[in-house]
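Here is a protein chain to get to know, one stop at a time.

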Amino acid sequence: MKRAPVYDIRTSENAWNTLVALTGVAPQIWERMLLHRSEYRWEDDLVEDVVRRYGQVPPRYEEWTFTYFHITTSADQCSSFQKHGILDLVHSYECKDSELRTFLDGKNIKLDLAGRTLRFGRQTYDISFGGRPPRSDGKARARWAIGRKLYYDFASCGFLSVWAGNPYGGYVHRRPEILSDIDELLDLTLSEEWHISHKPYEITAVVPGADIVYDGDDEHTDRDKAL
């Protein structure tokens, strides 16, 4: 059985090995062609030209195996990760012993995922994900943002490479993103409370390309996605 190509760019060395393995272009050719990078408008153009002339177009990315970083936070040394693995947002809430679920339960915040509502005390909020409200309506925008996280952008996020000097703008190393939206809706300080009581962790994981959500132009071909 043919082994799936591995895409690993966590370090410069790993990225170099990945480039050589996926394209079939020898390191000596890459080194020689990189001396001509000024002749190309974009480095992507150089890569495509080298592959066309000396190698092969990599197979569909769905056929690869990706090694990536998952950034999270935990107050108990990621015990739920060791038990359940990496869960997306929806499954993390449905998992009754996950840290997110127990934290929200402790704040008397209940999500009805099927009914698309959030209940806080005696108040119930509609968190259906529909048209985007104007920024001037802060509460409606917050309800929309919560719904977007749960019904559209709920997949677990992974980073193929991490630059320590420029952490991810969503601050997932401080708290789950959805907490900031709940704070905005309910005028709470969940994000800060979580940040104070939890530590950041970097988890290395491996996933088949077929399980990755491609975030790009719908008109991109398999070749566009691979290159």
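What follows is a walk from the whole chain down to a few of its residues.

First, a bit of housekeeping: this is a predicted model, in which local features need pLDDT of at least 70 and side-chain atom pairs count only at pLDDT 80 or more, while totals for chains, interfaces and linings use all residues. Residues are numbered from 1 along each chain as its sequence is written, and side-chain values use heavy atoms, with hydrogens and water left out.

Let's start with the overall view. The protein chain has ten helices and six strands; helices (H or I, at least four residues) and strands (E, at least two) are DSSP runs, numbered from the N terminus. Along its principal axes, the C-alpha trace spans about 65 × 40 × 40 Å. Of the 227 residues in the chain, 33% are buried. Buried here means under 20% relative accessible area, exposed means over 50%, and partly exposed is in between (1.4 Å probe, protein chains only). As for contacts (heavy atoms within 4.5 Å), take those with a separation of 6 or more: 57% of them are between residues 24 or more positions apart.

Now for a pair of helices, α8 and α9. Two packed helices are described by the angle between their axes and the distance between the axes. For α8 and α9, the angle is about 140° and the axes are 8 Å apart. The axes are lines fitted to C-alpha atoms, for helices over the stretch in contact, and angles run from 0 to 180 degrees between N-to-C directions. That angle makes α8 oblique to α9, since angles under 35 degrees count as roughly parallel, over 145 as roughly antiparallel, 65 to 115 as roughly perpendicular and the rest as oblique. On the α8 side, the contact is made by L179, S180, I182 and D183, and on the α9 side by L190, S191 and W194. By class, that gives four nonpolar, two polar and one charged residues. In this sorting, Ala, Val, Leu, Ile, Met, Phe, Trp, Tyr, Cys and Pro count as nonpolar, Asp, Glu, Lys and Arg as charged, and the others, Gly among them, as polar.

What sits in the loop between α8 (177–186) and α9 (190–197)? D187 does, and this residue is exposed, with a relative accessible area of 62%. Leaving aside neighbours within four places in sequence, D187 is in contact with K139 and I182. K139 is 48 residues from D187 in sequence, yet their C-alpha atoms are 9.7 Å apart. The side chains of D187 and K139 are joined by a polar contact of 3.0 Å. A polar contact is a pair of N or O atoms within 3.5 Å; within protein, one must be able to donate a hydrogen and the other to accept it, and residues adjacent in sequence count only if both atoms are side-chain atoms.

The side chains of T73 and W194 make a polar contact at 2.7 Å. T73 is buried, at 6% relative accessible area. Not counting residues up to four places away in sequence, T73 touches a list of residues that includes E99, V172, H173 and H198.

Moving on from β2, you come to the loop between β2 and α4 (79–84), where Q77 is found. C78 is in that loop too. Phi of Q77 is near 60°, a positive value in a residue other than glycine, and phi of C78 is also near 60°. Is each of these residues buried or exposed? Q77 is exposed, with a relative accessible area of 61%, whereas C78 is buried, at 7%.

What about disulfides, meaning pairs of cysteine sulfur atoms within 2.5 Å? A search of the whole structure finds zero. C78 is in no disulfide, and the nearest cysteine sulfur, that of C95, is 14 Å away. That distance is too far for a bond. C95 also counts as buried, at 11% relative accessibility.

Our last stop is S98, in the loop between α5 (89–94) and α6 (99–106). S98 is buried, with a relative accessible area of 3%. Not counting residues up to four places away in sequence, S98 touches S80 and S92. A polar atom of the S98 side chain lies 2.5 Å from the backbone oxygen of S92.

Conventions
A disulfide is a pair of cysteine sulfur atoms within 2.5 Å.
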